[in-house]
Amino acid sequence: MPNHPDVMDKLVSLCKRRGFVFQSSEIYGGTGSVWDYGPLGVELKRNLQDRWWQAMVRQRDDIEGLDSAILMHPRVWEASGHVGGFVDPLVDCRNCKKRFRADDPKIRGTPGTPDAQCPACGVKGTLSEPRLFNLMFKTFMGPVEDSASIIYLRPETAQGTYVNFLNVQQSTRQRIPFGIAQIGKAFRNEITPGNFIFRTREFEQMEMQFFVEPGTDMKWFEYWKEERMKWHRGLGLDENRLQFHQHGKDELAHYARAAFDVQFDFGGSLGFQEIEGIHNRGDFDLSRHQQFSGKKLEYFDHAANRRYLPYVVETAVGPNRTLLAVLVNGYREEAVEGETEGRTVLGLHPALAPVKSGVFPLVKKDGMPEMAQRIADDLRAAFPVFYDDSGAIGRRYRRQDEVGTPFCITVDGESAGDNTVTVRERDSLKQERVTTGQLATYIGERIAA
Ligand code: GAP
């Protein structure tokens with residue numbers, strides 16, 4: 001098993017310095033495990049989300065899109081099992097007031113007994129007995145803060161899909177098997193968040209529920225496992241950093257008949273971790289919503305003239321966590337032949353890179369800046385470009401390498417005469433002369449691959 005280096009600290013610093021990710025409310029000391037996406041980060045995240053939407057919705061005729069609300073009827077979460085079951089056992093230290101998961105391996109002894117030792121302050125006998133803590137954020141709807149107005153921030157997008165199953169099916173006249181996909185925010189009051197944007201309290205999900213005839217569910221489960229792994233490979237994630245992890249009986253969520261995670265090797269001590277879950281949820285969700293709402297959610301199969309509750313195969317991936325995987329996967333520091341200064345590169349897939357091309361005048365004279373500006377303005381209509389005329393040309397290349405820009409265009413002394421520029425490729429460092437009229441096609445073809 002390859003042991004990839006831990007690049008997390010370097011990435012956190014690069015992300016802040018170059019505008020990928022900032023700590024939320026930083027000037028107030030930050031909000032625990034909540035992050036903001038800066039100018040480059042929002043582009044990268046959007047590219048990931050677009051790629052998913054393209055593959056899962058636009059390029060298929062058997063999946064429909066949906067954008068359901070974050071706030072839902074509180075009974076939804078009783079039906080889904082989240083009110084009763086979405087809990088972690090926690091213990092409190094009476095001495096230092098810190099809180100831990102009861103199964104924290106750093107705790108010595110049994111919490112609630114005199115021999116248990118607090119992993120933070122080291123005092124013995126101060127840890128409480130485990131108490132169940134619900135991970136859903138609770139708030140109130142309307143002006144009155146009483147138990148009748150409690151409402152939750154959704155901990156997954158999936159339930160918005162289940163409660164809309166018949167709305168989507170009937171409005172689109174889809175026949176089973178078909179899916180419903182959505183991208184949206186989710187919130188979990190995680191007890192052990194951390195590792196930068198890996199586990200946060202506010203995050204996004206890209207989930208797809210595929211509704212199938214009972215009995216065909218394992219066939220579809222296998223199909224979606226393979227499709228989703230292919231998608232991750234297509235992002236440029238290194239083959240040997242990806243693996244499946246099958247959930248054993250004790251790991252399976254309350255709703256799941258079978259589950260596999262797609263795991264990515266984040267390197268260092270984090271190692272292989274889940275980036276996506278593929279679950280066979282049977283008819284758990286639809287039958288619970290049918291029971292709790294009192295509304296029939298059965299599908300009518302005209303051909304067979306029978307009604308049934310479909311089974312669901314779910315694919316659930318987090319764009320934030322996948323974005324971190326893409327950054328970890330792409331980060332490298334390397335020496336450059338013939339130069340004393342090395343370079344830091346984000347080897348991002350060109351389709352994901354926030355900026356597709358840097359555009360530089362070699363020097364700030366002889367009409368080069370004006371020509372470079374014109375090229376940048378023309379290309380901007382097709383994809384994001386960054387014009388830069390400050391500092392030595394080598395420095396400008398380095399700045400683009402560090403944020404993953406796949407191409408850099410340089411206008412030089414010959415450009416005005418023959419309408420050609422050099423195009424430098426980030427990874428191979430190869431330079432080619434391309435006529436200005438061909439630039440959009442030349443780069444466009446390479447970023448679409
Ligand atoms: N509907 C099923 C479901 O929510 P999950 O395995 O709990 O399944 C799916 O979540 C994906 O959502 C995870 O693989 C991960 O990418 C992302 N995710 C879950 N919790 C997260 C968190 N606290 N921070 C960032 N991403 C998270």
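Colleague: At what angle do helix α2 and helix α7 pack?
Modeller: This is a predicted model, where local features need pLDDT of at least 70, side-chain atom pairs count only at pLDDT 80 or more, and totals for chains, interfaces and linings use all residues. Residues are numbered from 1 along each chain as its sequence is written, and side-chain values use heavy atoms, leaving out hydrogens and water. Helices here are DSSP runs of H or I with at least four residues, and strands are runs of E with at least two, numbered from the N terminus. Helix α2 spans residues 39-58 and helix α7 residues 217-234; their axes (lines fitted to C-alpha atoms over the stretch in contact, with angles from 0 to 180 degrees between N-to-C directions) are 12 Å apart, and the angle is about 145°.

Colleague: Which residues of α7 make the contact with α2?
Modeller: Contact means heavy atoms within 4.5 Å. From α2 come Leu-48, Arg-51, Trp-52, Ala-55 and Met-56. On the α7 side they are Trp-224, Arg-228, Trp-231 and Gly-234.

Colleague: Is Ala-382 buried or exposed?
Modeller: Ala-382 lies in the loop between α10 (368-380) and β20 (385-387). Buried means under 20% relative accessible area, exposed over 50%, and partly exposed in between, using a 1.4 Å probe and protein chains only. Its relative accessible area is 53%, so Ala-382 is exposed.

Colleague: Which residue has a backbone N or O atom 2.8 Å from a nitrogen atom of the ligand?
Modeller: Let's look around the ligand. In the side chain of Glu-156, an N or O atom is 2.5 Å from a ligand nitrogen, and for the side chain of Glu-314 the distance is 2.9 Å. The backbone atom at 2.8 Å belongs to Thr-200.

How values were computed:
Polar contact = N/O pair within 3.5 Å; in protein donor to acceptor, adjacent residues only side chain to side chain.
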